[in-house]
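Hi,

Here is the structure I promised to pass on. Have a look, and then read on for what turned up in it.

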Amino acid sequence: MMLTMKSNGAGAHRFLVACLLALAALHVVVTRAADRGQRRQDVRPNFASDVAPILNDHCVMCHRPAGRAPISLVTLDDARAQAERIVAVTRARQMPPWIATQGRGFPELQNDPRLTDGQIRTLQQWTNLGMPSGDLSRAPLPPNFSSTWPLGVPDLILTFPRQISLPPDSADRLLNMVLAVNLPEDRWIAGLDYQATSSAALKHALFLSVPADVVVDDQDVLPGVGGLLGLGAIDNLGERLLAADRGMKVLGAWTTGGWPRLMPPGMAQRLPRRTNIVLQLHAPPAETGTIEDGRVAIYLAKEPVTARVTSLLLPASFGIASGIDIPAGGRYTLVETFTLPVDVEAIGARGHAHALAQRMSMTAAAPGKSPRGLLAIGKWDPRWRDTYLLKKPVTLKKGTILRVEITYDNQALVPSVPAHRVVWGPHLSQEIGGMELLLSTKTEADAAALEDARAKHFREQLLKSSRH
């Protein structure tokens with residue numbers, strides 16, 4: 001035994017030294033990790049380094065002087081004054097507003113403004129620590145909004161031919177303003193915006209293109225169909241609805257809480273020649289009167305248009321022929337399907353409804369395959385309606401069945417006011433519903449075939465509704 005140890009003494013010594021070195025290295029690693037952990041605990045979020053970047057990236061586009069939101073979050077003093085409120089609305093995921101749901105099987109969307117869990121924790125920690133400023137000389141500057149228009153200087157600005165008077169009223173009002181364009185050739189629109197003079201007095205506005213020879217009354221529910229409700233025989237009304245629906249295109253929407261967006265390069269919507277823009281304003285009940293004299297901004301495509309975007313609204317005309325009938329105190333689900341007659345590229349989607357809508361979704365089922373999602377909104381809020389563009393276009397083959405589902409809940413919105421039956425109508429005491437698929441077709445012939453199929457589908461709906 002002694003001879004063995006003696007003969008292996010050098011190896012044992014080397015082994016012992018290696019063990020000691022390994023222990024020392026482990027001690028260093030553990031100590032450094034502990035130091036890093038301690039430093040992380042000692043880090044105090046401050047405005048300059050941590051909070052200002054979050055506000056600049058996610059908030060000040062609206063929360064700034066002359067912005068769309070009622071408060072500013074540009075400076076340290078602004079943020080400190082609103083810190084508790086910022087923490088509350090970000091923890092509740094109310095801000096930044098984004099009502100699209102990233103459900104399983106639904107595609108990723110562009111321009112998602114939501115904060116990460118880590119960003120929300122940073123805002124709360126900063127508030128809890130007393131809102132330290134940090135080195136303000138190193139704080140990032142807020143974005144430069146050099147134009148009164150968030151998207152920059154428009155290519156065209158359309159002004160009202162006359163002011164709109166909004167007197168005090170206990171009911172909401174629907175008002176049309178025809179803005180003359182009537183160009184001799186097609187133009188391609190990459191974006192639209194509205195600058196209201198009385199944004200607090202408006203709920204939303206729709207941008208519609210309508211043939212220039214169509215006479216639009218101030219209070220047309222559908223431009224070119226007169227008063228619409230209570231008009232003569234259903235056959236005559238049906239033909240007028242078909243003509244108005246076919247000539248009208250929804251180009252987008254404006255809300256006081258929304259944010260305008262430009263379409264990606266190469267994508268644009270057609271503004272057909274010899275058409276005008278109709279701005280359809282929806283004003284809620286008001287105790288005081290005001291004057292509205294806004295401006296519409298049009299941004300034209302700057303690059304060759306490779307994807308000519310159009311929209312497919314389901315159901316047509318926001319459900320006028322779909323039999324929306326929501327019982328008092330109950331629920332109702334609107335379901336609409338449509339079979340694509342040609343191949344299309346789905347680019348995005350958006351929804352539209354009043355306050356009773358709870359959730360909505362659009363799916364697409366290719367022949368012989370399970371449905372795939374296009375857009376889901378899990379908690380509808382008409383204040384935050386938006387246009388949702390897909391990160392990657394989705395090819396939908398001929399024969400694909402589109403399905404729109406909108407669920408309404410007619411529990412009393414105010415506990416002291418009993419619920420009542422609600423049917424289709426343009427006013428806030430009534431309901432509408434529809435989802436638009438933004439898409440492009442391969443050829444103009446395909447676009448015409450799609451429009452013919454959509455018009456036929458709407459005619460069938462009108463005939464069906466006239467029998468009930």
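Which residues do ring pairs link into a cluster? They are F160, Y194 and W254. Rings of Phe, Tyr and Trp (its six-membered ring) pair if their centres lie within 6.5 Å, and the planes make a pair stacked when under 30 degrees apart, edge-to-face when over 60 and tilted for the rest.

Before going further, some housekeeping. This is a predicted model, with residues numbered from 1 along each chain as its sequence is written. Local features need pLDDT of at least 70 and side-chain atom pairs count only at pLDDT 80 or more, while totals for chains, interfaces and linings use all residues; side-chain values use heavy atoms, leaving out hydrogens and water.

Back to the rings. The count comes to five aromatic pairs. One of them is F47 with W126, a tilted pair because the planes sit at 40°, with 6.3 Å between the centres. That pair links distant parts of the chain, as F47 is in helix α3 and W126 in helix α6, 79 residues apart. (Helices, H or I with at least four residues, and strands, E with at least two, are DSSP runs numbered from the N terminus.) F47 is buried at 5% relative accessibility, and W126 is buried at 2%. Buried here means under 20% relative accessible area, exposed over 50% and partly exposed in between, using a 1.4 Å probe and protein chains only.

Y194 and W254, from the cluster above, form an edge-to-face pair, 5.3 Å centre to centre with 85° between the planes. Y194 lies in strand β4 (residues 187–195) and W254 in strand β6 (residues 249–255), so the pair ties together parts 60 residues apart in sequence. Y194 counts as buried at 2% relative accessibility, and so does W254 at 5%.

Helix α3 (residues 47–58) deserves a look too: its buried residues include F47, V51, L55 and H58. The buried residues of α3 pack against α4 (76–81) and α6 (117–128).

Last, the cysteines. There are zero disulfides in the structure, a disulfide being a pair of cysteine sulfur atoms within 2.5 Å. C59 is buried at 14% relative accessible area, and C62 is buried at 16%.

Cheers

Terms used: Contact = heavy atoms within 4.5 Å.
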